[in-house]
Amino acid sequence: MTGSTRAPFTADDYRARMERAARAAADAGLAGLLVAPGPDLVWLTGYAPTAMTERLTLLVLAPGQDPVLVVPTLEAPDAAQATGAPALTLRDWTDGKDPYALAAPLLDRNGRFGISDNAWAIHLLGLQKTLPGTSYASLTEALPMLRAVKDAAELELLAAAGAAADATFEEIRNVPFAGRRESEIAADLSRLLREHGHEQVDFTIVASGPNGANPHHEVGDRVVERGDMVVLDFGGLRAGYGSDTSRTVHVGEPTDEERRVHDLVRQAQEAGFRAVRPGVACQEVDRAARAVIADAGYGEFFIHRTGHGIGVTTHEPPYMIEGEEQPLVPGMCFSVEPGVYLPGRFGVRIEDIVTVTEDGGRRLNTTGREMVIVE
């Protein structure tokens, strides 16, 4: 099992994050942020309710006022135990009371607020009914870079998650492929990720033969055959931070075309990685990888963006896609994962998580990107 390198966050860490988020809201012209249970709440406070219920739980952040977490009374003891609890005020409400009336005095009655993407509609509608002069924007729309730049402790956790995913790949390449169902190999991936410290497995894609032409193939009962190309894409959360890597293996000896396409994707992935440096727009990473594939005549078969951010979730901003002009900043972490997908035949994808450094980029996945032959 990969050793734990978790760097615990303190109440001061969470206080600094909440202060930074409130300042970012003000800079964006918002009256504040409203954070529901989910990854944003975990990142800002360390609090993850054990049950997502219809009862309102809401962190209110606004410039010039102390953070307040509105919670149901029956969940207040757990909230008080969160690492970030000393950096905020808890206000609880009991069943039968109006939680929106409790939250209303904390909000500017005519303000515009950023609100968690995953907030329940019933809660947003309740706030709007109580405060009809307010308006709202999703946090992804209003502050897409809120969690994008990671500090040293977060980078350590992401690197550990990447190392655990790498260890998983080094083991899975030695298991039998031919004659086994995709679902069986996916179960091996899930088991190995957990053995290497993941508390949550988010996806284990095993896309064999023609199924590899579907980038998000749902694992099925197809039996892997000799001669198959197999796309492996897997990841989840380890110590609260994400892993996500893809490697494409071949069962037995590949054809010349299969080798050529795999090497093309490897070159495209390298080009995307080499484009990473501070100040470069996200879209330039996409352009660099895509140009290699397009120049080889396979452009129409690269059908998704080159990358996505990663942190306390496995998919988050920033995105490496045409039109995204956000400059790269040291501490950003994201995937670089070009692919070629030939309908009815096979697919190839190679993916590493990359972090921006002061003068370039650093891969958090270090397994080989050359063609791997499995049995």
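**Figure 1. The salt bridge between arginine 266 and glutamate 370.** The side chains of arginine 266 and glutamate 370 meet in a salt bridge with an N to O distance of 3.8 Å, a salt bridge being a side-chain nitrogen of Lys or Arg within 4 Å of a carboxyl oxygen of Asp or Glu. Because arginine 266 lies in helix H9 (residues 256-274) and glutamate 370 in the loop between strand S17 (361-363) and strand S18 (372-374), the pair ties together parts that are 104 residues apart in sequence. Helices (H or I, at least four residues) and strands (E, at least two) are DSSP runs, numbered from the N terminus. Arginine 266 is partly exposed at 23% relative accessibility, whereas glutamate 370 is exposed, with a relative accessible area of 52%; buried means under 20% relative accessible area, exposed over 50%, and partly exposed in between (1.4 Å probe, protein chains only). The model is predicted, so that local features need pLDDT of at least 70 and side-chain atom pairs count only at pLDDT 80 or more, while totals for chains, interfaces and linings use all residues. Residues are numbered from 1 along each chain as its sequence is written, and side-chain values use heavy atoms, with hydrogens and water left out.

Figure 2. Aspartate 352 and arginine 369 meet through their side chains in a salt bridge of 3.1 Å, N to O. Since aspartate 352 lies in strand S16 (residues 352-356) and arginine 369 in the loop between S17 and S18, this pair ties together parts that are 17 residues apart in sequence. Aspartate 352 counts as buried, at 0% relative accessibility. Both partners belong to a network of salt bridges that links Arg247, Glu270, Arg274, Asp352, Arg363 and Arg369.

**Figure 3. A salt bridge between two buried residues.** The side chains of aspartate 188 and arginine 180 form a salt bridge at 2.9 Å, N to O, and both of these residues are buried. In the structure there are 26 salt bridges.

**Figure 4. Helix H9.** The 19 residues of H9 reach 27 Å from the first C-alpha to the last, close to the 27 Å expected at 1.5 Å a residue, where the expected span is 1.5 Å times one less than the number of residues. Its buried residues are Glu258, Val261, His262, Leu264, Val265, Ala268, Gln269, Gly272 and Phe273.

**Figure 5. Aromatic rings and the charges over them.** The charged end of arginine 363 sits over the ring of phenylalanine 273, 4.0 Å from its centre, and that of arginine 290 sits over the ring of phenylalanine 302, 3.9 Å from its centre. A charge sits over a ring if NZ of Lys or CZ of Arg is within 6 Å of the ring centre and within 35 degrees of the ring normal. Elsewhere, Phe9, Tyr14 and Tyr241 form one aromatic cluster.

**Figure 6. The surroundings of glutamine 65.** Glutamine 65 is found in strand S3 (residues 65-72) and counts as partly exposed, at 34% relative accessibility. Leaving aside residues up to four places away in sequence, glutamine 65 touches Val60 and Leu106, contact meaning heavy atoms within 4.5 Å. Glutamine 65 and threonine 89, which are 24 residues apart in sequence, are 11 Å apart in space, C-alpha to C-alpha.

Technical notes:
Rings of Phe, Tyr and Trp (its six-membered ring) pair if their centres lie within 6.5 Å; planes under 30 degrees apart count as stacked, over 60 as edge-to-face and the rest as tilted.
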